[in-house]
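Subject: Structure handover

Hello,

Here is the structure for you to look through. Please open it next to this email and follow along.

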Amino acid sequence: QRQMCIRDSYKIVMKAYIINLKKSVDRKKYMQEQLEKMFFLSAEFVEAVDARGMTEREKNVFFDTELFCKRYVKEVRPGEIGCTLSHQKCYRKLVESRDKYALILEDDIVIRHNIDTLVPEIEKLLNTDEPRVILLSGWYWYLGTKTIKQHYCLARVYDAFLTHAYIINREAASLLIEQRPFITADDWFYIRKKGVKLYAVLPHLLDQDWSGEYPTSINQEEKKRCPGLWKRKIEICFHSLLLKFLYIIKRFEKA
């Protein structure tokens with residue numbers, strides 16, 4: 001009865017893109033069940049890019065593996081390419097649509113809180129010409145917060161990982177579209193430096209399903225380090241120390 005009342009109170013429907021490998025039928029079914037709990041969404045499944053079947057030439061056509069190595073001092077894995085290109089597909093879909101913003105989900109989410117109670121506040125935050133992303137997931141470091149409703153706050157994010165749940169407006173999507181991307185989809189520090197204002201809901205609303213029932217089928221390869229690049233390695237080390245400091249002063253939201 002409560003859900004029916006809330007359903008009737010929402011006239012604005014938020015678009016959602018759900019990234020899903022074509023062969024992952026069980027995950028699609030799982031997500032369809034989860035979407036029943038988020039009735040304010042107009043959902044569209046987006047076929048994920050599977051880079052494991054790409055040749056080296058194809059990978060370099062769609063993804064800059066050389067710049068990736070220079071940024072992360074490791075070789076890119078097929079799962080990282082596929083994930084980035086899948087999110088790029090969602091950005092393009094949003095920009096080509098008439099929607100002002102969209103929720104992007106991966107196909108292994110777990111709902112922690114009632115998102116519907118925050119939809120009006122989130123819509124206000126995204127209805128702007130400023131490029132904005134609001135993370136609904138955890139595992140982020142933040143600098144400050146402000147209350148948006150009851151015990152929920154909006155955190156100003158310094159850095160974050162994970163890409164299974166976030167809302168992006170078309171201004172931010174336009175800024176992030178690249179012909180040959182070279183970053184991981186969850187390089188939120190790079191994304192923020194590119195001009196996107198990055199926020200997160202605190203406490204976070206959605207988790208990944210880490211139960212093992214739907215095990216990941218990507219990024220199972222070992223990480224291989226790129227030789228040299230000592231300046232970049234030192235930069236990464238200093239960045240890690242800053243994140244540890246934010247963790248110590250309790251400016252970290254665990255997933």
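A pocket, on a 1 Å grid over the protein atoms alone, is an open set of points with protein on both sides within 12 Å along at least five of seven lines. A cavity is a set of points where a 1.4 Å probe fits but cannot get out. Lining residues have an atom within 4 Å of a point. Grid points are joined across faces, edges and corners, and a volume is the space filled by probe spheres set on the points.

Before the findings, note that this is a predicted model: local features need pLDDT of at least 70, side-chain atom pairs count only at pLDDT 80 or more, and totals for chains, interfaces and linings use all residues. Residues are numbered from 1 along each chain as its sequence is written, and side-chain values use heavy atoms, without hydrogens and water.

**Pocket**

The second largest pocket has a volume of about 170 Å³. Its lining includes V49, M54, F62, Q88 and E178. Helix α5 gives the most to this lining, with 4 residues. (Helices are DSSP runs of H or I, at least four residues, numbered from the N terminus.) By class, the lining of this pocket has 5 nonpolar, 2 polar and 3 charged residues. Here Ala, Val, Leu, Ile, Met, Phe, Trp, Tyr, Cys and Pro count as nonpolar, Asp, Glu, Lys and Arg as charged, and the others, Gly among them, as polar.

**Cavities**

How many cavities of 30 Å³ or more does a search of the whole structure find? The search finds 2.

M14, F40, L103, I115, V119, I122, L136 and I167 line it. Its lining has 8 nonpolar residues, no polar and no charged.

V61 sits in helix α3 (residues 56–62).

Best wishes

Key. Helix = DSSP H or I, 4+ residues; strand = E, 2+ residues; numbered from the N terminus.
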